[in-house]
Amino acid sequence: MSEAAPEVPLVDLAAQRRRLEGRIEAAVAAVLTHGRFVLGPEVDRFEEQLAGVGGVAHAVGCSSGTDALLLALLAWGAGTGDAVFVPAFTFAATAEVVALVGATPVFVDVRADTFTLDPASLSGAIEWAPGAGLRPVGIIPVDLFGQPADYGEIDDVAAAAGLWVLADAAQSLGATFAGRPVGSLATATATSFFPSKPLGCYGDGGAVLTGDAELAERLRSLRAHGQGTSRFDHVRIGLNARLDTVQAAVLLAKLEIFDDERVRRQAVADRYGERLAGAVTVPSVRSGTTSAWACYTVLTPHRDRLTGALRRARIASAVYYPKPLHHQPAFRRFPTAPQGLPVSERLAGEVLSLPVHPYLDVPTQHRVVDAVWAAVGSAP
Ligand SMILES: *Cc1c(COP(=O)(O)O)cnc(C)c1O
């Protein structure tokens, strides 16, 4: 091993597990005992509580955040000839599912200050699509790094064009926009329980949240082979995309501390915001909005220097994401907004995510701050 493992990880799942002290093990043991491993009682209980977190009537658990997005697209029947507008600066899953159903992802730029979908770029792309033979059907805003996209302006654009809005909230569960929780901000909201997300399980998991009862029923059918009223009644083409009972049990235990963890992440972000400004560009959260702080992502033109210094100080950091999607080999053939994607391209070269999690103590936060200043700042 040439480099020692970081002493300060990006996310500390071991600290969370120590805090929960056997509660997760007990919850999993209960599932092993009752034996209902697929859509068992913990899944129902978790869905009910999750709907409460999102401020909507329905939550449908599924196998991953990617499948949550896919299920929603299948439920709306997006397909060939349809344009779905997605940011270029996001994780591949956001655009991948659009291509998988045979629709066309159209890449839109993001805003430099919030990293979320730029409504002007979005409007330009929607106007452009029909001329290229594409029928605009929907928008997938991404709540990148935990901050909800600008659903006010996006909803106006969507309503004017008659499009659905599918929130990619894989990173933002627990955040709010204009006093409303993530889950209630779009026609449907997809989230992920990948271990390092704000609410993570011990494997893969996801969910779709919606206020639309009919849509929720379709999603439940789609996640179980297009099931109708009974097990061998198939009313539509679906897939196997269910949430495991064991993962639901883990999530129920973690939900008990979810709100407290959000508050603790906010405190870390507040301290970073005060102390890092000036050394790097710190993230800005729109007024009236809160972030779930899945990542604490700064901008610096000296990223290589900063990354090297943090590594030597044994502090983890990560580049989310090094390449905008329209530059990825898998996505190069898809169209981009007519005004181009200059912000996405610049951000990919300057972003760096620092450790942020509920168990990052104050001395360690100062250690991170000091290392950043030493690498790219003058004196704090
Ligand atoms: C993690 C993530 C996904 C995919 O979630 P999985 O559960 O890993 O499938 C989708 N979109 C964004 C923005 C993500 O960060």
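Me: What makes V38, L39, A224, H225, Q227, R231, F232, H234 and R242 the lining of the second largest pocket?

Reply: A lining residue has an atom within 4 Å of a point of the pocket. V38, L39, A224, H225, Q227, R231, F232, H234 and R242 line this one, so each of them meets that cut-off. The model is a predicted one. The space in this pocket is about 160 Å³.

Me: How do you know which class each residue in the lining of the second largest pocket belongs to?

Reply: By residue type. The lining divides into 4 nonpolar, 3 polar and 2 charged residues. Therefore V38, L39, A224 and F232 are the nonpolar ones, and R231 and R242 are the charged ones.

Me: What is known about the largest pocket and its volume?

Reply: The volume of the largest pocket is about 530 Å³. Its lining has 29 residues, and Q171, F194, S196, K197 and Y321 are the closest to the centre. By class, 16 are nonpolar, 10 polar and 3 charged.

Me: Which elements each supply at least two residues of that lining?

Reply: They are α4 (65–76), α5 (93–100) and β12 (351–354). The largest share, 3 residues, comes from α4.

Me: Why is E48 called exposed?

Reply: The relative accessible area of E48 is 64%. Exposed means over 50%, so E48 is called exposed. E48 belongs to helix α3, residues 41–54.

Me: What makes F85, F107, L122 and L166 stand out in the largest nonpolar core?

Reply: They have the most contacts inside this core, which has 62 residues. The largest share of the core, 7 residues, comes from α4. Members of a nonpolar core are buried, and buried means under 20% relative accessible area, so F85, F107, L122 and L166 fall under that cut-off.

Me: How do you know what L122 is in contact with?

Reply: Contact means heavy atoms within 4.5 Å. With neighbours within four places in sequence left aside, L122 is in contact with F85, V108, L117, I139, I154 and V157, so heavy atoms of L122 lie within 4.5 Å of heavy atoms of each.

Me: Why are F89, F91, F115, F145, Y320 and Y321 called a cluster?

Reply: Rings pair if their centres lie within 6.5 Å, and ring pairs link these six residues. The count by this rule is 12 aromatic pairs.

Technical notes
Residues are numbered from 1 along each chain as its sequence is written. This is a predicted model: local features need pLDDT of at least 70, side-chain atom pairs count only at pLDDT 80 or more; totals for chains, interfaces and linings use all residues. Side-chain values use heavy atoms; hydrogens and water are left out. On a 1 Å grid over the protein atoms alone, a cavity is a set of points where a 1.4 Å probe fits but cannot get out, and a pocket is an open set with protein on both sides within 12 Å along at least five of seven lines; lining residues have an atom within 4 Å of a point. Grid points are joined across faces, edges and corners, and a volume is the space filled by probe spheres set on the points. Helices (H or I, at least four residues) and strands (E, at least two) are DSSP runs, numbered from the N terminus. A nonpolar core is a set of buried Ala, Val, Leu, Ile, Met, Phe, Trp, Tyr and Cys residues joined through side-chain atoms within 4.5 Å. Buried means under 20% relative accessible area, exposed over 50%, partly exposed in between (1.4 Å probe, protein chains only). Rings of Phe, Tyr and Trp (its six-membered ring) pair if their centres lie within 6.5 Å; planes under 30 degrees apart count as stacked, over 60 as edge-to-face and the rest as tilted.
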